[in-house]
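Welcome! Let's learn to read a protein model together, one feature at a time.

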Amino acid sequence: MSPENRNYMPESDVVGLNLKETELTLGMPGETRVTTDTGVKLGTKRGFSETIDLNLGRSNVKCHDKVCDDELENDVLGGATKSLTEKAQLVGWPPVRASRKNVMKSCKFIKVAVDGAPYLRKVDLEMYNSYQQLLSALEDMFSCLTIRNYLNEKKLMDPANGVEYVATYEDRDGDWMLVGDVPWKMFVESCKRVRLMKSSEAIGLAPRTPQKCSSTA
Amino acid sequence: MKMMMGSSFPEEVLEHVFSFIERDKDRNAISTVCQSWYEIERWSRRRVFVGNCYAVSPAILIKRFPDVRCLELKGKPHFADFNLVPEGWGAYVAPWIAAASSAYPWLEEIRLKRMVIPDDSLELISKSFKNFKVLVLSSCEGFSTEGLAAIAANCRNLRELDLRESEVEDLNQSSGHWLSHFPDNYTSLVSLNIACLNSEVSFTALERLVGRCPNLRTLRLNRAVPLDRLAILLHRAPQLVELGTGEASDLRPDVLSNLLGAFSRCKELKSLSGFWDVAPGYLTGVYPICPRLTSLNLSYAATIQSSDLIKLVSQCQNLQKLWVLDYIEDLGLEALAASCKDLRELRVFPSEPFGVEPNVLLTEQGLVSVSEGCPKLHSVLYFCRQMSNDALRTIARNRPNMTRFRLCIIEPRTPDYLTLESLDMGFGAIVEHCNDLRRLSLSGLLTDRVFEYIGTYGKKLEMLSVAFAGDSDLGLHHILSGCENLRKLEIRDCPFGDKALLANAAKLETMRSLWMSSCSVSFGACKLLGQKMPMLNVEVIDERGPPDSRPESCPVEKLYIYRTVSGPRLDMPGFVWTKDEDSALGLS
């Protein structure tokens, strides 16, 4: 266990830091919260306008070995914010089953696959209120990817090899569509699963905007 | 071995005697007496429980027990409930069903927990076992309503279909809703639990089904069945003993009075659950049956607050089991302690598990009150945000009969809020006074000392869950060397490493399984352990790629060790690494 966390005292860490830049909290990715009495906004994430390399890496695994640390090149964040990030992203804590997590809301779990990665992830679409929040959460989950804000398109990229991914989803009718075309609520209702497809393979899907019509219908 | 005793009784007599012996432990003991008793016992064993589906293979099971009627299997480790086990890890039941379909034509009951079961397997079950009666799928996944339709259509003798907390994919079927696949002459349903289904339910099919099954005792509906329909169902099934309601957000007086009428006819009703999005006004409909209730699950009732909860529980004098949200607050738990003297089990779940500030007035005091007022309380699951050693000591002294104690202080490493010390002494008191404690979950600020107490006093402990606790390998060593009856140990985010694990390698063969995630165990140690202990499967679950691309001292992400008689499994996904993995050779 990291020496950083060994003497971790929640109160002192939170109070002492300037959280302007990175308002990370204990909430699940994308969950919006009420403002507390002290005016601290809980649960907010940075906006897309700040295109930051979020490469967070596997933040809850610590290597004591220096060589091992170097190999975790993805960890570009500094120490203090890193421990907050870990806190904010504690997987499986508190130990509450998915069906209980948001007792108020119904859950809508869908599977997310990334071309080239052998593992799937599950996300609960009900936890997000916008495409930005969803993509941001996907970026957190598949930590090798960063979000590139390019010409109003939301694409994901793996900086290690420059491969670009496009978010696509399968709807209720079995058709594969580009994520972002329909209003968010409609997307949540109709989405069955999400696939981050390599851009090179995404030709032929329903065009995003009239200007970007692909050659095949 | 000389057969002395066995040959003086005809086999039939011994078989008859053995038929009165049901517990696995006892049957296992009988089978070791002599060869002939082993043979008679194995041919007459009807009920088998496999706590870890990878500990034994279908072939080995069938070879030893050729005529099993009831099979229970468990798959993924417990922490899979909290998303700690990646998708695709395993626990596939298909090979078991395939093997059973030819070996056990008389199979009657299948109970699965945390396993992956595809529709094909459900169809195979429905067509292979003529006398199939009970299907319980607890926290399972991989199937859809198609599979359920096959069960409904083909299992003529089905008594129980229980999908508790499973994930079911809803497929729009052209052949009609799956419930309508129960044939018109099917009348043997006793128990139906579809509470986990997210989709709509065909009410007409449901009503007809309920109406023609006179032995129906248990009916747990899903959210989608509104309360106004519930009254209709209750009129058809006044003999119900256990009921789970759907949702009802609008309070309508006509619905309420129908409900009151329906409930008053249900003289046998003892257990209630459901209550999603229920307008609190509907609770008055429940008051008439409260005095008969022994079990109440309000853990999904997010719209019912403290004052209504107090009114409700105060009328449930015979309550034995209560699952509730922390909306009940300390005041409600005091009322519970005053009214429900027969209470055996209490679970209090967090309404806002990710909130930073407490949103309810629930503290350690609520649990203390219940421990004082309810002499039969022996099973507790409690989520809260503050705790003190004093409170834990009081609880321990009040309830030495505690058998299951699971405390989750939501913020990791929270100290005693009064003294700011660790909670070592408090949990120490629990293990010291509660001599029958079988299950324990720890939380809060804890040092190695608490593990010393657990190792010293936790002699009957079978399952231990540890998170964000301890200082060094000594903690793990205390557990492994002290807890003689330990079967399952699950640990996350603790500074436990190679030393304690390797020093207690032999202990691991006496346990069902050990889970360690975000600890300090190196891949080198895992390889060594796997090599030293051929009866263990040592699985490193690491999604960062081949472990030998990192230094051997680098800690693994997750580790799952379990004893097995069937060797390494053949269905491991790419992110599971064992001692045999060698990425340089291109094996995976």
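The dialogue below goes from the overall fold to single side chains.

Q: Before we start, what kind of model is this?
A: This is a predicted model.

Q: How many helices and strands does chain A have?
A: Chain A has seven helices and seven strands.

Q: What share of the residues of chain A is buried?
A: A residue counts as buried when its relative accessible area is under 20%. In chain A, 44% of the 217 residues count as buried. The chain exposes about 11,500 Å², and carbon and sulfur atoms supply 54% of that area.

Q: How do I read contacts in chain A by their distance along the sequence?
A: Take the contacts between residues at least 6 apart in sequence; in chain A, 51% of these join residues at least 24 apart.

Q: Let's turn to chain B. Where does UniProt place the F-box domain?
A: The UniProt record, an unreviewed entry, places the feature "domain: F-box" at residues 9–50 of chain B. Over that stretch the chain is 62% helix and 10% strand, and its end C-alpha atoms lie 31 Å apart.

Q: Which residues make the nonpolar surface patch with B:Phe9?
A: B:Phe9, B:Val13 and B:Val17 make a nonpolar surface patch of about 250 Å². One of them, B:Val13, sits in helix α2, residues 11–18 of chain B. B:Val13 counts as partly exposed because its relative accessibility is 36%, which falls between the 20% and 50% limits.

Q: Now for charges. Why can charged side chains pair up?
A: Side chains of opposite charge can pair when their charged atoms come close. Over all chains, this structure holds 40 salt bridges.

Q: Which parts of chain B does the pair B:Lys76 and B:Glu141 tie together?
A: Start with the bridge: the side chains of B:Lys76 and B:Glu141 meet at 2.5 Å, N to O. B:Lys76 lies in the loop between β2 (70–74) and α6 (94–103), while B:Glu141 lies in the loop between β4 (134–138) and β5 (143–144), so the pair ties together parts 65 residues apart in sequence. Both B:Lys76 and B:Glu141 are buried.

Q: How are B:Lys127 and B:Glu123 placed in helix α7?
A: They are four residues apart in helix α7 (residues 119–128) of chain B, so about one helical turn separates B:Lys127 from B:Glu123. Their side chains form a salt bridge of 2.7 Å, N to O. B:Lys127 is partly exposed at 47%, and B:Glu123 is partly exposed at 35%.

Q: Are B:Arg344 and B:Asp342 buried or partly exposed?
A: B:Arg344 is partly exposed, with 27% relative accessibility, whereas B:Asp342 is buried at 16%. The two form a salt bridge whose closest N and O atoms are 3.0 Å apart.

Q: Which residues are linked in a network of salt bridges?
A: Such a network links B:Asp24, B:Arg27, B:Glu41, B:Arg45 and B:Arg64.

How values were computed:
Residues are numbered from 1 along each chain as its sequence is written. Chains are lettered from A and ligands numbered from 1 in the order in which they are written. This is a predicted model: local features need pLDDT of at least 70, side-chain atom pairs count only at pLDDT 80 or more; totals for chains, interfaces and linings use all residues. Side-chain values use heavy atoms; hydrogens and water are left out. Helices (H or I, at least four residues) and strands (E, at least two) are DSSP runs, numbered from the N terminus. Buried means under 20% relative accessible area, exposed over 50%, partly exposed in between (1.4 Å probe, protein chains only). Contact means heavy atoms within 4.5 Å. Accessible areas come from the Shrake-Rupley method with a 1.4 Å probe; for residues, only the protein chains shown count as cover. Patches are made of residues with over 30% relative accessible area and no salt bridge: like charges are joined within 9 Å, nonpolar side chains (Val, Leu, Ile, Met, Phe, Trp, Tyr) within 5 Å. A salt bridge is a side-chain nitrogen of Lys or Arg within 4 Å of a carboxyl oxygen of Asp or Glu. UniProt positions are given in the numbering used here, feature names are shortened, and annotations may be inferred rather than shown by experiment.
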